[in-house]
Amino acid sequence: MPKSRVPKPPVPKPLKPEANVSLEFLLVTFPEERSVQANGSNVGFTNHTLMLPADEYNVTLSGAGYAPAAQDVVLTGTTVMQPRVVIFSKP
Amino acid sequence: MRCSIALGAVCVAFVSGCAATHFENFPLQGKPNNEERRRIDDSQIDRPQILVGISGGGSRAAALGWAVLRELSQYQYQSGGSSRRLVDDVTVVSSVSGGSVIAAYFGLYGPDKLDAFKPEFLAPDNMATLERSAVNPITWFKLAISGASRIQVEEDLFNRQVFHQRTFADLNQPGKPFIILNASDMASGEVFAFTPARFDDICSDFDQEPIAVGVAASAAFPIALTPVPFRNYSSDAAATTSATCKARPIPEWITEHVTGRYGPYLDVEEYKRARYANDLRHGPNNFRQIDYLYFMDGGLADNVGVHSLLSEISSPEGISGLLFKLNTGSVRRVMVLLINARSDAPSSVSTSPTLPGIIDMVGSVTSVPIDATTASVNAQMGVLVEQLRQAAKGAPPDALFGQLKVYSIQIDFDQLRGNIAEQKELRDKVKAVPTAWTISADDLLTVEKAGRMLLDDHPCFQRLLLDLGVSGAQFVDRTFAETGCSP
């Protein structure tokens, strides 16, 4: 007796096609708004999801009075709804 | 005439070969870095930021870039209570070879002088000028005395016709667009973009550099022309290397990339870019020893200047800071306009039973890899644009890029269709326009017509005009624009 066919769930379309530039997403949290720096360049503000190319970054904030002083972040495998979350706090 | 050019070239090559190389850049003195004075104007959030890539292809490419920029100046919209032309929103122009002539001209003189480009550069018989210079004994001895080479003849042409000894300081001014001329580093094959940041790497003065040298470096077609020689003032071998150059720290992004554990696996191209910058700076653990640089036509690495545009959009180190503006929501409309003047005249090879000769083979060897590389890099831009659109569409409430719209437009003669009689005729004619520094009046009209038609017919251009509320563009078809373009 043939098995009844169960419809397969639709395969989600990949958000990121193969390319040299692959966009990833980063959310840096801090109690106040600061500029976020990736490898020394300003890339956006704290508490807002940011777009960045897939890579390894040294993440810091503008100004003083935050901890830790820097975080090494490997940005890969994220989605816009599931960004890599990096937490800074006041010391 | 061909014999006289060849004889001239031989004489110039022989005589100039006797002198020491004339390096065409200047050391950075009294300051550790070049100043970047240009900024993106994001004062009105509704304005599009237009990024343009203009390909190589001699005067055909210069003419196509010129025609498209002029077409952008025809359309106005209301912003901040005043009328504004689309051409005023051109923020970045990245160019190669022939495209660099119009790119630098646009940056130097601005949109209001675009009409003058035709009598100053497109109308004159520039090839005749080059031929006269090449066979003139005065040219040979001038080059011999100065240690310059054949490329100097082309630089002289650019200076005489359009740039008049002006320097990059004239391009690097507040309110000007970012003009990025791209050359190929002969030894490494890397794209060398003429930017203040890249000049920092070789500790050379960006402002002092003549524009004609940058354009000639971008357009130094191999063999026909000699490469443009630069000295790397970051090198210990440079006698004039200043203490300032030697004492400079390596920028953090370079160190992070070349020492990071994951970088080479996540983005090998970015890793190589950082490694190249480290090599230029004579940083630790260098891959290449770079004391001198020899630049050839930028089209050898990327014939539309897309590499530099990709960096401007997605790299934290982009000189325009566009990524920061996108992430902070202060730029919400981006138009990417790639203008490719690739010719493709019908070839007798595919209709001949005779084995192709050496000239046909040399033609294929020089054009096929350039076209293939360009197509590949263009495809990367398409992928990046799609990622930006998807990111904006799926953005969570906290993201400030949720309202970003990206209009991606490619101008390519191949878009003229064979099933429409007018377009077929135009396509066949425009693809046969030769690559040279002279373009006939008839060919110029053909290129102009093709450029205007391809821009106006593009669904993403029509969609931008609709979204901006541009009046007077009767050709806009709302259904076509909304179906063919989802910014």
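How many residues does the contact take from chain A and from chain B? This is a predicted model, and in it the contact draws 30 residues from chain A and 36 residues from chain B.

Strands E3 (41–45), E4 (50–53) and E5 (55–61) of chain A each put at least two residues into the side that touches chain B. E3(A) gives the largest share, with 5 residues. Sort that side of chain A by class and you get 16 nonpolar, 11 polar and 3 charged residues.

Now step into chain B and find a pair of helices. Helix H3 (residues 98–109) of chain B and helix H10 (residues 211–218) of chain B have axes that come within 9 Å and cross at roughly 155 degrees. Angles over 145 degrees count as roughly antiparallel, so that is how H3(B) runs relative to H10(B). The crossing of these two, H3(B) and H10(B), is right-handed. On the H3(B) side, the contact is made by B:Ser100, B:Val101, B:Ala104 and B:Leu108, while H10(B) brings B:Ile211, B:Gly214, B:Val215 and B:Ser218. Taken by class, the residues of this contact between H3(B) and H10(B) come out as 5 nonpolar, 3 polar and no charged.

Last stop: B:Asp456, which sits in helix H19 (residues 441–457) of chain B. Is B:Asp456 buried, exposed or partly exposed? B:Asp456 has 16 other C-beta atoms within 10 Å, so it counts as partly exposed. Setting aside neighbours within four places in sequence, B:Asp456 is in contact with B:Phe461 and B:Phe475. As for B:Phe295, 161 residues apart from B:Asp456 along the chain, the C-alpha atoms of the two are separated by 36 Å.

Notes. Residues are numbered from 1 along each chain as its sequence is written. Chains are lettered from A and ligands numbered from 1 in the order in which they are written. This is a predicted model: local features need pLDDT of at least 70, side-chain atom pairs count only at pLDDT 80 or more; totals for chains, interfaces and linings use all residues. Axes are lines fitted to C-alpha atoms, for helices over the stretch in contact, and angles run from 0 to 180 degrees between N-to-C directions. Helices (H or I, at least four residues) and strands (E, at least two) are DSSP runs, numbered from the N terminus. Angles under 35 degrees count as roughly parallel, over 145 as roughly antiparallel, 65 to 115 as roughly perpendicular and the rest as oblique. A crossing is left-handed if the near helix is turned anticlockwise from the far one by less than a right angle, and right-handed if clockwise. Two residues are in contact if their C-beta atoms, placed from the backbone, lie within 7 Å. Ala, Val, Leu, Ile, Met, Phe, Trp, Tyr, Cys and Pro count as nonpolar, Asp, Glu, Lys and Arg as charged, and the others, Gly among them, as polar. A residue is buried if 20 or more other C-beta atoms lie within 10 Å of its own, exposed if 12 or fewer, and partly exposed in between; C-beta atoms are placed from the backbone.
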